[in-house]
Each structure stands twice: as C-alpha cells, then as structure tokens.
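Take a first look at this protein chain.

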Amino acid sequence: MRNGTKGEYNSIKPRDELSWIDEVAVVVARKHAQMAVTTGSVDNLKFLRGAYLKDTIVITGKPTHVGNCSMEIKVETYVQHIDGEKELINRAFLTLVGLDENDRPARLPRLILETDEDRAGTLSRTGCCWRLIRWRIRERGSVSALTAIMFSPGS
C-alpha cells in the first residue's frame, strides 16, 4: 500500500481506488489500441461498498465500445474472499482516447468480438436505443428486462 492509502477504520481511500481503476483502464486501452492513450473521462463510478487494508483486491477491465478515436472501458473491482469467491465493490466506465506520436487523437482499431462471452458483454450501438441500454447497464448492471421489451414479438 502507498503512503496515505489508509483511510478511517483501516479502509482504502476512494481516491486510491479511483487511481487503480484508471491505471487498469489505461493498460486495457493500450493493449487494444497498441498506442499511447489518455483518460478522457470517468463516465460512471459506483462504489457499492468500501474496501479494507486486509482485503485482497482484484480489478478487471475490458473494452465495451470502440469509436473512431475513443473507447469505453468497463472496470470492475472485487474483494476476493479466502474461499475464492469474489464480491463486486465498484464498477466504472471510462472513456479513453488513442494518441498518435504528436499527442493528437488517433484512429483506433475496431473491437473484434471473438467469443460468445465478448458478444454477450458488448451490445450493438445503433440508434437512440444505445443510450437507454447504456443507462440500464450502468444503473442496474444488466439489460435483461430492457432486452425483453426491445426484442419482444410485434415491436
């Protein structure tokens, strides 16, 4: 742990968690883009519960959308218990921008969905429905009810 990480009651300070989340998002984005990237924004960050110095923290990230010059990275932070079970403690969506050698926005490679898991975690971004789908994922963590409404017979 870095100096200053310890908060009240042996908790990890949220600012340090945010720093770790950003670092993971940058690593994921650089791996996809194969170029320098910078964080454009943290679109959504939900702290579901605190983390403590005694906890084992696991942070995962994956690209969920790639545009021309920017990409969205979903980062989830877990506490891993001694039995191996992971408990989600926060979820964040960050927008990162690919940079060329002059630190100008650069065109990014498309997101190639190779597995069923990739396809399940990434939705089509067409029309105004994407904003509703994106809100549903961020607010509720899933799109199951919304998907049933959008793709029901006769719609």
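Contact here means heavy atoms within 4.5 Å. This is a predicted model, in which local features need pLDDT of at least 70 and side-chain atom pairs count only at pLDDT 80 or more, while totals for chains, interfaces and linings use all residues. Residues are numbered from 1 along each chain as its sequence is written, and side-chain values use heavy atoms, with hydrogens and water left out.

**Overall fold**

The chain has four helices and four strands. Both are DSSP runs numbered from the N terminus: helices are H or I with at least four residues, strands are E with at least two. Read from the N terminus, the order is α-β-β-β-β-α-α-α. Of the contacts in the chain with a separation of 6 or more, 58% are between residues 24 or more positions apart.

The chain has 155 residues, and 34% of them are buried. Buried means under 20% relative accessible area, exposed means over 50%, and partly exposed lies in between (1.4 Å probe, protein chains only). The accessible surface comes to about 9,700 Å². Carbon and sulfur atoms hold 52% of that surface. Such areas come from the Shrake-Rupley method with a 1.4 Å probe; for residues, only the protein chains shown count as cover.

**The cores**

A nonpolar core is a set of buried Ala, Val, Leu, Ile, Met, Phe, Trp, Tyr and Cys residues joined through side-chain atoms within 4.5 Å. The largest one has 15 residues. Ala25, Ala29, Met71, Ile73, Val75, Leu94 and Leu96 touch the most other members. Helix 1 (14–33), strand 3 (70–80) and strand 4 each give two or more residues to this core. Helix 1 supplies the largest share, six residues. A second, separate core has five residues, including Ile12, Ala51, Val79 and Ile89.

Beyond residues up to four places away in sequence, isoleucine 73 touches Ala25, Val28, Ala29, Lys62, Pro63, Ala92, Phe93, Leu94 and Leu96.

Asparagine 90 is found in strand 4 (residues 86–99). Asparagine 90 counts as buried because its relative accessibility is 0%. Threonine 95 lies in strand 4 too. Threonine 95 has 18% relative accessibility, so it counts as buried. Which side chains do these residues meet through polar contacts? The table lists them. A polar contact is a pair of N or O atoms within 3.5 Å; within protein, one must be able to donate a hydrogen and the other to accept it, and residues adjacent in sequence count only if both atoms are side-chain atoms.

| Side chain | Partner side chain | Distance |
|---|---|---|
| Asparagine 90 | Glutamate 17 | 2.8 Å |
| Asparagine 90 | Threonine 77 | 2.9 Å |
| Threonine 95 | Aspartate 43 | 2.7 Å |

Leaving aside residues up to four places away in sequence, threonine 95 touches Thr38, Thr39, Gly40, Ser41, Asp43, Ser70 and Met71. With neighbours within four places likewise left out, the contacts of asparagine 90 include Ile21, Leu45, Phe47 and Val75.

**A loop tyrosine**

Tyrosine 52 lies in the loop between strand 1 (36–47) and strand 2 (56–66). Is tyrosine 52 buried or partly exposed? Tyrosine 52 counts as partly exposed because its relative accessibility is 33%.
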